[in-house]
Amino acid sequence: MILAIESSCDDTSISVMEIETKKLIFHKKISQEVEHSKYGGVVPELASRLHAEALPKILTECKSYFDNLKAVAITNAPGLSVTLQEGVMVAKALSISLNLPIIAVNHLIGHIYSLFIEKEEIKPMMVLLVSGGHTKLLNFNGIDNICEIATTLDDSFGESFDKVAKMLGLGYPGGPVIENLAKKGEIVVDLPLPLKNSPDIKFSYSGIKNAVRLAIESGNYKNEDIAASFQKKAIEHLVFMSKRAIKKYRPKNFAIVGGASANLVLRSEFEKLSEEFNFNLYYPDMKFTSDNAAMIARAGIELYNKKRFINYKDLKVMPRVEFKKC
Ligand code: ATP
Ligand code: FE
């Protein structure tokens with residue numbers, strides 16, 4: 001078995017997964033959403049303190065598996081350095097005390113492997129990663145073969161939901177609140193479709209966000225209409241740019257991963273696209289869309305099979321990492 005730890009942002013999670021079968025044996029997550037909600041976003045110092053409390057709590061619950069462990073998988077990049085460090089410290093302590101090799105896992109690759117929990121890999125696949133910190137189109141052809149088609153110039157898709165929710169005084173995280181509120185609203189606010197005249201495949205959310213700010217300040221619109229109009233345009237931008245990439249690369253398989261892949265309007269828009277362009281569409285199970293250690297264990301198994309081990313002395317936290325361009 002492999003034990004995995006995730007602490008890159010505001011979720012503390014530990015999982016245990018069987019290496020051969022990819023079966024999830026143990027999985028627990030403690031979220032900090034309530035604690036950060038009153039600040040309208042994640043406060044790094046508070047987050048790291050909460051990880052320091054939650055990690056040992058969860059660890060004692062999976063002590064019975066310690067004798068069966070072959071490795072420890074740990075998210076070491078990308079994310080908040082002070083919170084990544086909390087998980088990394090626990091991984092190092094486990095490695096030293098139980099004499100286990102460490103496997104360093106990229107959190108974004110973890111999001112891709114949320115698709116394959118208790119399943120085999122699907123490849124090749126085009127992946128739309130929509131999370132709190134990233135908005136990327138990737139070509140995935142195995143853990144060592146991932147390239148970036150497009151990324152965002154400014155805010156991420158999830159972050160724009162968080163910022164709009166904050167402007168409307170709706171707390172954090174914004175995604176689920178905005179999605180819910182939008183159900184009651186009408187699309188009456190005129191918002192710009194970003195980069196529509198640029199020939200490139202890339203994302204930008206700052207323009208929509210600023211247009212939403214002006215709409216709120218005008219006092220002419222109801223909150224639910226702002227939410228509905230914003231969500232529609234934000235998703236339209238994803239579809240617009242994904243279409244360009246799909247026409248260029250003609251993928252047979254397409255997946256949406258990351259916290260915002262929970263959005264049902266987003267999913268239904270891509271279902272339409274899958275019919276138009278005839279590809280198979282995949283998303284993670286709802287419970288694995290947001291951050292979790294099960295996806296880290298699953299990616300960890302792939303690296304374990306390639307014997308990609310790292311000594312605790314060499315394990316470092318990397319707040320930012322880049323993919324090679326396609
Ligand atoms: P990253 O993975 O880029 O490091 P993160 O781990 O903080 O960032 P995730 O936990 O993967 O991000 O996703 C959280 C983000 O997803 C938040 O910005 C949240 O608002 C957004 N989100 C969650 N549910 C929805 C939804 N239903 N609609 C839109 N956005 C959503
Ligand atoms: Fe994430």
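## A first look at the fold

Strand β2 (residues 11–17) and strand β3 pair in the antiparallel sense, with 7 bridges between them. Here, two strands count as paired if DSSP finds at least two bridges between them. Strands (E, at least two residues) and helices (H or I, at least four residues) are DSSP runs, numbered from the N terminus. This is a predicted model, where local features need pLDDT of at least 70 and side-chain atom pairs count only at pLDDT 80 or more, while totals for chains, interfaces and linings use all residues. Residues are numbered from 1 along each chain as its sequence is written, and chains are lettered from A and ligands numbered from 1 in the order in which they are written.

- Contact between two residues requires their C-beta atoms, placed from the backbone, to lie within 7 Å.

- Strand β7 (residues 135–140) and strand β8 (residues 146–150) run antiparallel and are joined by 4 bridges.
- Asn139 stands opposite Cys147 in β8.
- The hairpin of β7 and β8 has 5 residues between the strands, and Gly142 in this hairpin takes a positive phi near 105°.
- β8 also pairs with strand β11 (residues 324–325), in the parallel sense and over 2 bridges. Glu148 has Lys325 in β11 as its bridge partner.

- Some background: most residues other than glycine have a negative phi, and most peptide bonds are trans.
- Lys22 isn't a glycine, yet it has a positive phi of about 60°. You'll find Lys22 in the loop between β2 and β3.
- Asn99 isn't a glycine either, and its phi is also positive, about 60°. Asn99 sits in the loop between α3 and β5.
- Is Lys22 buried or exposed? Lys22 counts as buried because it has 20 C-beta neighbours inside 10 Å. Asn99 has 8 such neighbours inside 10 Å, so it counts as exposed. (Buried takes 20 or more other C-beta atoms within 10 Å of a residue's own, exposed 12 or fewer, and partly exposed is in between; C-beta atoms are placed from the backbone.)
- Ala77 and Pro78 are joined by a cis peptide bond with omega of about -20°. Pro78 is in the loop between β4 and α3 (81–98).
- The peptide bond from Tyr172 to Pro173 is cis as well, and its omega is near -5°. Pro173 belongs to the loop between α5 (157–167) and α6 (174–182).

**Two domains**

- The protein chain is split into domain 1 (2–114 + 288–325) and domain 2 (124–283), with bounds from an automatic or database domain assignment.
- Taken over C-alpha atoms, the centres of domain 1 and domain 2 are 27 Å apart.
- In domain 1, 19 residues are in contact with 21 residues of domain 2.
- On the side of domain 1 that touches domain 2, α1 (33–37), α4 (107–113), α10 and β11 each supply at least two residues. The largest share of that side, 4 residues, comes from α4.

**Around ligand 1**

- How many residues surround ligand 1? There are 25, and the closest are Gly132, Gly133, Gly158, Gly175 and Gly259. To be near a molecule, a residue needs its C-beta atom, placed from the backbone, within 6 Å of it.
- α4, α5 and α6 each supply at least two residues of this shell.
- Domain 1 and domain 2 each give the shell around ligand 1 at least three residues.
- By class, the shell has 6 nonpolar, 15 polar and 4 charged residues. (Ala, Val, Leu, Ile, Met, Phe, Trp, Tyr, Cys and Pro count as nonpolar, Asp, Glu, Lys and Arg as charged, and the others, Gly among them, as polar.)
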